[in-house]
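Please brief me on this structure.

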Amino acid sequence: MWRLKVSEGGGPGLRSVNNFLGRAVWEFDPDHGTPEERAEVDRVRREFTERRFEKRESQDLLMRMQYAKQKHLQVDLPAIKPVDSAEVTEETILTSLRRALSQHSSLQAHDGHWAGDFSGLMFIMPILIFALHVTGTLDTVLSTEHRREICRYIYNHQACKHQFYSHCNGGWGTQVLGLSTMFGSCLNYVTLRLLDEVDNNALTKGRAWILSHGSAAAIPQWGKIWLSVVGLYEWSGNNSIIPELWLVPHFLPIHPGRFWCFCRLVYMPMSYLYGKKFVGPITPTILAIREEVYSVPYHEIDWNKARDACAKEDLRYPRSLLQNVIWTCLNKFVEPILNCWPVNKLRDIALKNLMKHIHYEDKSTKYIGVCPINKALDMICCWIEDPNSDALKLHLPRIYDYLWLAEDGMKAQVTLSCHVLSTTCIPLHFIFRVAEDHYL
C-alpha cells in the first residue's frame with residue numbers, strides 16, 4: 001500500500017539546505033495498511049474509473065485518507081446546503097468558514113506545509129519516462145507498482161466519445177480537461193508502449209486517433225523534439241534551435257539569457273540536444289512504435305514537409321510571414337553553414353558553454369530544476385556528456401519529488417513551488433478569520 005512521506009530525505013544523492021522541509025514523496029510499502037484500508041483504496045480507485053467522464057479531476061482521496069487516520073478525522077464532512085437564500089445567515093456563513101479552515105488544518109503536514117496534487121498537464125509524465133528510457137534507468141527508478149499507477153492515470157484520462165466532440169474518441173489531451181491533441185496523444189501512447197503495454201482496446205483507439213489526424217508527423221514542435229530524442233522522429237524534420245545563439249553578446253535582445261526563465265531554461269537543453277542531434281537507443285520497441293504511429297513506412301516520410309506540419313487540434317495560431325522567413329533562413333542557410341568546417345568549431349564551443357549553464361542550474365536547484373520539463377532535458381544532457389557522471393546519479397532520486405499519487409493513478413507535478421504559495425496563502429485566511437472574530 002502507498003503512503004506519503006513528508007520531510008524525509010537522507011538517501012544517497014539527496015541534498016537539501018533546509019533538511020528536506022516541504023518534500024513530499026509517495027512510497028510503496030507492501031506491508032502497510034490493514035485489509036480494510038486496502039479495500040477502501042481499491043473502492044475509491046474503482047469509483048473514479050467508473051465516473052471518470054463525469055468527474056475528470058481527482059480529489060486527493062489517498063492523501064486525505066492517510067491524514068484522517070493519523071489525525072483521527074472525518075474524510076468528507078457533510079455540506080451545508082440552504083434550501084433558499086433566506087436561510088443564508090451570518091451564522092451560516094461563519095460556520096462554513098470555520099469548517100473550511102478546519103478542513104485546511106486537517107490537510108497540513110507535520111512540517112507545516114500543505115502538500116497536494118498540482119498536475120493536470122498530460123505531457124509531463126511522458127517526458128520523464130522518455131528521459132529514464134534514454135538514460136537506461138527506467139527499471140532502476142520505477143518499480144512495478146510505479147508503472148501500474150502511471151498506466152492507470154494515463155488510461156483514466158484517455159478521452160471518450162463526447163456528444164459534442166466525437167473527434168476526441170481515443171486520444172489524449174495536452175491537459176486533463178482539454179480535447180484530444182496530437183501532442184498529448186502521441187506522447188501518452190508512446191509512454192504506454194515504453195512501459196511495456198501491449199495491444200489492448202485503449203491503445204488501439206489511441207493509435208487510430210493518431211493515424212486519423214495526420215499521424216505523428218503532425219505533432220507540434222515540442223513533440224517533434226521529444227520524439228527525435230527517443231528515435232521516433234528525424235532531427236531533419238525540426239526547425240533549427242541553434243546553440244550558437246548563447247554565444248552572442250549578452251547586451252543584444254536576442255540573447256536567450258534575456259528570455260523568460262521558463263523559456264530559456266527549457267530551450268537551453270533543447271538547443272544542446274539539437275546541436276548534438278542526439279538520438280536514444282533504437283530498441284525493438286522503438287522500431288515497432290515507428291510502424292504504429294505513422295501512416296506510411298518510416299523511411300518514406302518527407303521530413304522537410306513534416307517540419308512545418310501541425311495538426312489543427314494543436315495549432316494555436318498560424319505562423320506569420322516574418323516567422324516563416326526567419327525559420328526558412330535558419331533551416332536552409334544558417335544551420336548548414338554552422339555545420340561546415342571550420343565554422344563547426346563554434347558549435348563545440350557553444351555546446352560546452354551550454355553544459356556549464358546546465359550544471360549551474362542543476363546545482364542551484366539541487367537537481368530538482370525549475371520545472372520537470374527542463375529537469376528531464378538536463379538529465380539527458382548530463383547522460384550524453386558522461387553516462388556514469390555524478391550529475392546523473394544526483395538527478396535520479398529527485399524524479400520521485402515530481403511524482404504524485406491520487407485515486408486516478410500516479411501523475412507528474414507541474415512544479416514544486418506551489419507548496420510555497422499554499423503555505424503562504426492559507427495562513428492569511430486564518431489571520432483574516434481571527435480578525436473577523438475580533439472586530440465583528
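Is the crossing of H4 and H7 left-handed or right-handed? H4 crosses H7 in the left-handed sense. The model is predicted.

**H4 against H7**
- Helix H4 spans residues 124–134, and helix H7 spans residues 182–194.
- Their axes come within 9 Å and cross at roughly 45 degrees.
- That angle makes H4 oblique to H7.
- On the H4 side, the contact residues are Pro126, Ile127, Ile129, Phe130 and His133.
- They meet Leu187, Asn188, Val190, Thr191 and Leu194 of H7.

**H10 against H15**
- Helix H10 (residues 261–276) packs on helix H15 (residues 372–385) at an angle of about 35 degrees.
- The two axes are 9 Å apart.
- This crossing of H10 and H15 is left-handed.
- H10 contributes Leu265, Val266, Pro269, Met270, Tyr272, Leu273 and Lys276 to the contact.
- H15 answers with Ile373, Asn374, Leu377, Asp378, Ile380, Cys381, Ile384 and Glu385.

**H10 against H14**
- H10 also packs with H14, at an angle of about 145 degrees and with the axes 10 Å apart.
- H10 passes H14 in a left-handed crossing.
- From H10, the contact uses Leu265, Met268, Pro269, Ser271, Tyr272, Gly275 and Lys276.
- From H14, it uses Arg347, Leu351, Leu354, Met355, His357, Ile358 and Glu361.
- Leu265, Pro269, Tyr272 and Lys276 of H10 take part in the contact with H15 and in the contact with H14.

**Nonpolar surface patch**
- Leu247, Phe333, Ile337, Val343, Leu346 and Ile349 form a nonpolar surface patch of about 510 Å².
- Helix H13 (321–338) and helix H14 (345–364) each supply at least two of the patch residues.
- Phe333, one of the patch residues, sits in H13.

**Backbone features**
- Which residues does a cis peptide bond join? It links tryptophan 341 to proline 342, with omega about 5 degrees.
- Proline 342 belongs to the loop between H13 and H14.
- Lysine 277 is not a glycine, yet its phi is positive, at about 55 degrees.
- Lysine 277 lies in the loop between H10 and helix H11 (284–292).
- Most residues other than glycine have a negative phi, and most peptide bonds are trans.

Notes
Residues numbered from 1 in each chain as written. Predicted model: local features only at pLDDT ≥ 70, side-chain atom pairs only at ≥ 80, totals over all residues. Heavy atoms only, no water. Patch = residues over 30% accessible without salt bridge, like charges linked within 9 Å, V, L, I, M, F, W, Y side chains within 5 Å. Areas by Shrake-Rupley, 256 points an atom, 1.4 Å probe, with all protein chains shown as cover. Salt bridge = Lys/Arg side-chain N within 4 Å of Asp/Glu carboxyl O. Helix = DSSP H or I, 4+ residues; strand = E, 2+ residues; numbered from the N terminus. Axes fitted to C-alpha atoms, helices over the stretch in contact; angles between N-to-C directions. Parallel < 35°, antiparallel > 145°, perpendicular 65-115°, else oblique. Left-handed = near helix turned anticlockwise from the far one by under 90°. Contact = heavy atoms within 4.5 Å.
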